[in-house]
Amino acid sequence: MLGPEQVDDYAARGFITVPALFTAAELAPVEEYLVRNQEVTWSDKNDDPLREAHYHHRPIYDVCTMPKLLDCVEALLGPDLVLLYSHILNKPPGGLQVAWHQDGPYWWRVEPKVAVTAWVALDDATGENGCMRVIPGTHRGNLDLGQRPVEEPDLIQARPFELPPGVFDESCAVDLLMRRGDVSFHHSYLVHGSDPNRSGARRAALTIRYVTSATRIQNTPDRRQYLVRGTGLDNGNVYFQIGT
Ligand SMILES: O=C(O)CCC(=O)C(=O)O
């Protein structure tokens, strides 16, 4: 569980880091799944086994819904929690950057676009291997800062969105230096990105996105949302059950 200072820090800066939330043993199923699937090739991103692995692989769903993780998310978002997306971000040596962006504007299915991402470090993340970088405070007011598609692929997208220069101050960037098992939490309007992996070792993370059940979520055939804590509202959201 987070203390009041951490909750206040998140409200002010749009992110916090929690050291050693997971043990290596707890992350072993994610590691095993990543190693087994990292070479799989795909052309449609819905076939990428590292995206939404929790739909199909129960041990990853169990990590995404571990009570101590949900306790942290509850402290930031409230008691009624929906698991929206997960993605294992594998950045091998030479792996690409992630353009400066906000997550909220990517998510056309949800309204409002206020979410918490848990970024679970599967490796130590350093400046050299392309740790996440954030611009503190840029989440305030839930402002869409006007990111635009660019043709240069990044680690996550073939046509990523990138914020234009001048809408935020890159000199304020903070490197999120992490140890394996640490978790950072960031707000969906926080400006963030990461550099390429210039080291000789992998930098991987499991990212998990949560919203409250008060969020209106459009149901689409290729996506599943799970009510993982608390209650749903009578707002038309459709929830899936794990295993169905
Ligand atoms: O892991 C990275 O390099 C970027 C992660 C990111 O953009 C996200 O989790 O929203």
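An oxygen atom of the ligand lies 2.9 Å from an N or O atom in the side chain of Arg209, a polar contact being a pair of N or O atoms within 3.5 Å. The table sets this pair beside two others of the kind.

| Side chain with the N or O atom | Distance to an oxygen atom of the ligand |
|---|---|
| Arg209 | 2.9 Å |
| His101 | 3.3 Å |
| His186 | 3.4 Å |

The protein covers 100% of the 290 Å² of accessible area that the ligand has on its own, areas here coming from the Shrake-Rupley method with a 1.4 Å probe. The ligand is surrounded by 14 residues, the closest being Trp119, His192, Ser194, Arg203 and Arg209, where a residue counts if one of its heavy atoms lies within 4 Å.

This is a predicted model, in which local features need pLDDT of at least 70 and side-chain atom pairs count only at pLDDT 80 or more, while totals for chains, interfaces and linings use all residues. Residues are numbered from 1 along each chain as its sequence is written, and side-chain values use heavy atoms, with hydrogens and water left out.

The open sheet consists of 6 antiparallel strands in the order 1-10-5-12-2-14, strands being DSSP runs of E with at least two residues, numbered from the N terminus, and two strands pairing if DSSP finds at least two bridges between them. Strand 1 (15-18) and strand 14 (226-229) are the edge strands, each pairing on one side only. Strand 5 (residues 116-121) is joined to strand 10 (residues 183-187) by 5 bridges, and Trp119 has Ser184 in strand 10 as its bridge partner.

Definitions and conventions. Helices (H or I, at least four residues) and strands (E, at least two) are DSSP runs, numbered from the N terminus. A polar contact is a pair of N or O atoms within 3.5 Å; within protein, one must be able to donate a hydrogen and the other to accept it, and residues adjacent in sequence count only if both atoms are side-chain atoms.
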